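Work through the exercises below with the structure in view, and try each task before reading its solution.

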Amino acid sequence: MKKLLQQKKNSGLSQIQIIALGFFLIIMAGTFLLMLPFSSKGQPASFLTALFTATSATCVTGLVVVDTFCSWTLFGQLVILCLIQVGGLGFVTIAVFFSIYIRRTISLRERGLMQESVNTLQIAGVVRLAKLIVKGTFLFEGIGAILLALRFVPRFGPARGIYFGIFHSVSAFCNAGFDLMGEATGEYSSLVSYVGDPVVNLTIMTLIVIGGIGFVVWDDVRSKGLRFHRYKLQTKVVMTVTAILIFGSALVFWLLERQHLMADMTVSEAVFASLFSSVTARTAGFNTIDTAALTPGSKLLTIVLMFIGGSPGSTAGGIKTTTIVVLIMYAISTLSNQSGCNVFDRRVPEDMVRKAGVVLILNLGLAITAGVFICGLQPHVPLESVLFEVFSAIGTVGMSTGITRELGTASRYIIIFLMYCGRIGSMTFALSFTRRKNVNPVQLPVGHLPVG
């Protein structure tokens, strides 16, 4: 990846194209490693199975066609773990950090690429941000691994318990959703056996939230402490919306499931299950209750949360919390005859509003189009399950009602494409096929169309 960055200047590729190509190369490398005979338990994995798994890991999604623990050897699991870590941090961040470590000067072009990768608004301070990202990541993952190991070691033994702690901590922080519980509690069971465990629930949820709020928000909170009024606009929006989505959605989940899946649970189990369902739906992919058994209302709420996703410059996917806030506030401003889009006493520029609209349309269009094709290819699969799957893929969530293993070859390639677009960004993918052109100062005559 370092060589890829060094060749950028002479390659003629844009920053967006470099990011798209970089993730593609990482996915292909992971695919070939997973196809090796000693990566699988039993027969070597087929190209499609390896490609699906490598894409899901690199794009920190969590959708799987084979159980991670039961189908992959320790080597295969470590390949998946490395792909999750690289996919969560971003190869650009890792390459820049490595350059800093060997005391190599970071060029302006590489700083620009780093800015694009972490989705920050300014190029100043991106090198310092890269240090913070890597150090903070290993700190949080390390603490999470220790806490999880406290619960896993008594059940699985010292060696496996520590390994499970590390794997699930990295998977949770990177919002990947891969788990190793297949042998202990059944294939594809995720964390259902820990529905009432406070240590596992709180640790996994905290890691998911920290990984999903964004690296820029980390930096802002670290430098300004708990003084909310001094935060950047992005931090204020992210922190506020994240809190509303977590606790508001948890309440709705409890109301919808209290007479269904949570009917036989204790109060503490129901609280943890509601909070976990709210947090994990925002791109993590773990589950402590049976996703397929959710009521239709809960499934619809989960789809909405998966579509919104996490925050910019984070390990999470989706259209992002800031995008949905900009669109909602713009609608409110329009309906109340106010000028512009105003958030926390600040006016959002028109170009950002337009970008938010484009992101919404692209992601929604891709998900619906993919859903139509999969329904056409596999008409026996229920519509709600197909929609759940496609929104889970493009939101890089990884939650599934259980149809992933039933998908045919063509449908799996569609899901792979959605996961890839969801990780690099659908707008990034679209722009990777275009080159910037000089703005034409001549504008066409105005034409009026009735809308609404």
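**Exercise 1.** At what angle do helix H17 (residues 321-335) and helix H18 (residues 350-377) pack, and how many Å apart are their axes?

Solution. In this predicted model, H17 and H18 pack at an angle of about 115 degrees, and their axes are 9 Å apart. Angles of 65 to 115 degrees count as roughly perpendicular, and H17 and H18 are therefore described as roughly perpendicular to each other. The crossing in which H17 passes H18 is left-handed. To locate the meeting place, look in H17 for Thr-323, Val-326, Leu-327 and Tyr-330, which meet residues of H18 including Glu-350, Met-352, Val-353 and Ala-356.

**Exercise 2.** Check the span of helix H4 (residues 47-58) against its number of residues, and then decide how far H4 is enclosed.

Solution. With 1.5 Å a residue, the 12 residues of H4 should span 16 Å, and this agrees with its end C-alpha atoms, which are 16 Å apart. Since 11 of its 12 residues are buried, H4 is largely enclosed by the rest of the structure. The buried residues, among them Leu-48, Phe-52 and Thr-55, pack against helix H3 (15-34), helix H6 (74-89) and helix H20 (409-424). Just after H4 comes Val-60, whose phi is positive, at about 40 degrees.

**Exercise 3.** Determine whether Ser-385 is buried or exposed, and find what its side chain joins.

Solution. Begin in helix H19 (residues 383-394), where Ser-385 is found. Its relative accessibility is 8%, and because buried means under 20%, Ser-385 counts as buried. Leaving aside residues up to four places away in sequence, Ser-385 touches Thr-401 and Ile-403, and a polar contact of 3.4 Å joins the side chains of Ser-385 and Thr-401.

Methods. Residues numbered from 1 in each chain as written. Predicted model: local features only at pLDDT ≥ 70, side-chain atom pairs only at ≥ 80, totals over all residues. Heavy atoms only, no water. Helix = DSSP H or I, 4+ residues; strand = E, 2+ residues; numbered from the N terminus. Buried < 20%, exposed > 50% of the residue type's maximum accessible area, 1.4 Å probe, protein only. Polar contact = N/O pair within 3.5 Å; in protein donor to acceptor, adjacent residues only side chain to side chain. Contact = heavy atoms within 4.5 Å. Expected span 1.5 Å × (residues − 1). Axes fitted to C-alpha atoms, helices over the stretch in contact; angles between N-to-C directions. Parallel < 35°, antiparallel > 145°, perpendicular 65-115°, else oblique. Left-handed = near helix turned anticlockwise from the far one by under 90°.
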